[in-house]
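Here is a short briefing to read alongside the model. Please keep the viewer open as you go.

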Amino acid sequence: MDKFPYNKDKQQAFQAATQGYENAQGLYETIVSDSAGYGHQLKHLKDEVNEAYQQIQNALEVASEHQRSQLERFQQDLQGMVTEVNQTE
């Protein structure tokens, strides 16, 4: 039996949120606005951002103070990506 299941869940939630954020960020950085596949790439990015937001929300429910500040930064960065993409549509 794990002595610290809460801490393990907290770490797993944080790692999932971090991975979701990194996936969205990586996709955002590869999108080329004038490419033929832009529309498809944009939809994929929106899906990744939505998934990352959900993972961040889940992680925030159990996050430590340090994790919380990092997760809030991830949210701000994702919002910046969404804002920038919406300006170029």
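Of the 89 residues of the chain, 30% count as buried, where buried means under 20% relative accessible area, exposed over 50% and partly exposed in between, using a 1.4 Å probe and protein chains only. This is a predicted model, in which local features need pLDDT of at least 70 and side-chain atom pairs count only at pLDDT 80 or more, while totals for chains, interfaces and linings use all residues. Residues are numbered from 1 along each chain as its sequence is written, and side-chain values use heavy atoms, with hydrogens and water left out.

**Overall layout**
- The chain has three helices and zero strands; helices (H or I, at least four residues) and strands (E, at least two) are DSSP runs, numbered from the N terminus.
- Reading from the N terminus, the elements run α-α-α.
- The C-alpha trace spans about 55 × 25 × 15 Å along its principal axes.
- Among contacts (heavy atoms within 4.5 Å) with a separation of 6 or more, 65% come from residues 24 or more positions apart.

**Helix H2**
- H2 covers residues 38-60, which is 23 residues, and reaches 32 Å from its first C-alpha to its last.
- That is close to the 33 Å expected at 1.5 Å a residue, the expected span being 1.5 Å times one less than the number of residues.
- Its buried residues are Tyr38, Leu42, Leu45, Glu48, Val49, Ala52, Ile56, Ala59 and Leu60.

**How H2 meets H3**
- H2 and helix H3 (residues 65-88) pack at an angle of about 160°, with axes 10 Å apart; axes are lines fitted to C-alpha atoms over the stretch in contact, and angles run from 0 to 180 degrees between N-to-C directions.
- This angle makes H2 roughly antiparallel to H3, a label for angles over 145 degrees.
- On the H2 side, the contact includes Tyr53 and Gln57, while the H3 side includes Arg68, Phe74 and Thr88.
- The residues of this contact divide into 14 nonpolar, four polar and one charged; Ala, Val, Leu, Ile, Met, Phe, Trp, Tyr, Cys and Pro count as nonpolar, Asp, Glu, Lys and Arg as charged, and the others, Gly among them, as polar.

**Two residues of H1**
- Asn23 sits in helix H1 (residues 5-30) and counts as partly exposed because its relative accessibility is 35%.
- Asn23 and Leu60 are 37 residues apart in sequence and 18 Å apart in space, C-alpha to C-alpha.
- Lys8 also lies in helix H1, and its 46% relative accessibility makes it partly exposed.
- From Lys8 to Val82 there are 74 residues in sequence and 31 Å in space, C-alpha to C-alpha.

Technical notes
Parallel < 35°, antiparallel > 145°, perpendicular 65-115°, else oblique.
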